[in-house]
Amino acid sequence: MNPITMMMNADELILLALKEDITSEDITTNAVMREKKMGEVELLCKQNGVIAGLDVFARVFQLLDPDTETEFYVKDGDRVEKGQLLGLVKGDIRVLLSGERTALNYLQRMSGIATYTREIANLLEGSKTKLLDTRKTTPNMRIFEKYAVKTGGGNNHRYNLSDGILLKDNHISAAGGVKHAIEMAKEYAPFVRKIEIETENMEMVKEAVEAGADIIMLDNMTPEEMKEAVAFINGRAQTECSGNVTRENIEKVISVGVDYISSGALTHSAPILDLSLKNLHEV
């Protein structure tokens, strides 16, 4: 997920978030600010981490008022530290107040994912294994969350159900087995599409190899079982490890030798990065 693609699709989602927060008016701001006054507010970091989502943060204010100006002293992917001044937002004080929470929600969430991803990606340095995200994302936040994974040093798995073939346990059951599921996928899908299948034991792995799967996911297997599977596959398909992979346990599977490790925790369990808008003043 690159920044251009993200921003091309961002406005509609950001507007939905703003409408969620302002159904008719910002009654608090309108009560204390009856007319337009220009102001400036500081974007401050309250926790060490990796910043991601600055363009989205700025776009929130621009959608409320195109004349709002943002100036950043960091860029997406930079490490930031507690107490650091990250930027300034200048514009109509009413806009600064009304857009504050939505803008921070995006930036804190995306930066939290980038921070968590960077921590796990660092653990994989020196190995051949690449880190992937999953579709376990917040509804209507996928485009932002997958961008944050990339910013943190991870890689994107398929974006959605139209983006790639992944035969999971229920697909296999519906098709009547591993072999039949792969055969049906090959018959239906364009030849340019790779076929990935989820396996849970060596019997399924062997059947997947014989049926010609392009990628074999080793789901919820022990490190010992995965090593056996990787040795059996022996390059005849790419391999992916999945199943409750987190920062705390990923070191156990690094030595297995899989091509990819996918982790839903990158998006569903990353804590936010604490940021704030402070020192609002008239200019």
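Visitor: At roughly what angle do the axes of helix 9 and helix 10 cross?
Guide: This is a predicted model, and in it the axes of helix 9 (residues 202-211) and helix 10 (residues 223-233) cross at roughly 20°. They come within 10 Å.

Visitor: So what do I call that, roughly parallel or roughly antiparallel?
Guide: Angles under 35 degrees count as roughly parallel, so helix 9 is roughly parallel to helix 10.

Visitor: And which way is the crossing, left-handed or right-handed?
Guide: Helix 9 makes a right-handed crossing with helix 10.

Visitor: Which residues make the contact?
Guide: From helix 9 you have Met202, Val205, Lys206 and Val209. Helix 10 brings Glu228, Ala229, Phe232 and Ile233.

Visitor: How many of those are nonpolar, polar or charged?
Guide: In the contact of helix 9 with helix 10, six are nonpolar, two are charged and no residue is polar.

Visitor: OK, another pair. How do helix 5 and helix 6 pack?
Guide: Helix 5 covers residues 93-123 and helix 6 covers residues 142-151. Their axes are 7 Å apart, at an angle of about 40°.

Visitor: What does that make them?
Guide: With that angle, helix 5 and helix 6 are oblique to each other. Helix 5 passes helix 6 in a right-handed crossing.

Visitor: Who's touching whom there?
Guide: On the helix 5 side it's Tyr106, Arg109, Met110, Ile113, Ala114, Thr117 and Arg118. On the helix 6 side it's Phe144, Glu145, Tyr147, Ala148, Val149 and Thr151. The contact of helix 5 with helix 6 divides into eight nonpolar, two polar and three charged residues.

Visitor: Switching topic: how many disulfides are there?
Guide: The count comes to zero disulfides.

Visitor: What about Cys45, buried or exposed?
Guide: Buried means under 20% relative accessible area, and Cys45 has 2% relative accessibility, so Cys45 counts as buried. Cys241 counts as buried because its relative accessibility is 3%.

Visitor: Let's zoom out. How many helices and strands does the protein chain have?
Guide: The protein chain has 12 helices and 12 strands. Of its 283 residues, 48% count as buried.

Visitor: And what does the C-alpha trace span?
Guide: Along its principal axes, about 70 × 35 × 25 Å.

Visitor: One last thing: what share of the contacts with a separation of 6 or more comes from residues 24 or more positions apart?
Guide: Those residues account for 71% of such contacts in the protein chain.

Note on methods: Residues numbered from 1 in each chain as written. Predicted model: local features only at pLDDT ≥ 70, side-chain atom pairs only at ≥ 80, totals over all residues. Heavy atoms only, no water. Axes fitted to C-alpha atoms, helices over the stretch in contact; angles between N-to-C directions. Helix = DSSP H or I, 4+ residues; strand = E, 2+ residues; numbered from the N terminus. Parallel < 35°, antiparallel > 145°, perpendicular 65-115°, else oblique. Left-handed = near helix turned anticlockwise from the far one by under 90°. Contact = heavy atoms within 4.5 Å. Nonpolar A, V, L, I, M, F, W, Y, C, P; charged D, E, K, R; others polar. Disulfide = S-S within 2.5 Å. Buried < 20%, exposed > 50% of the residue type's maximum accessible area, 1.4 Å probe, protein only.
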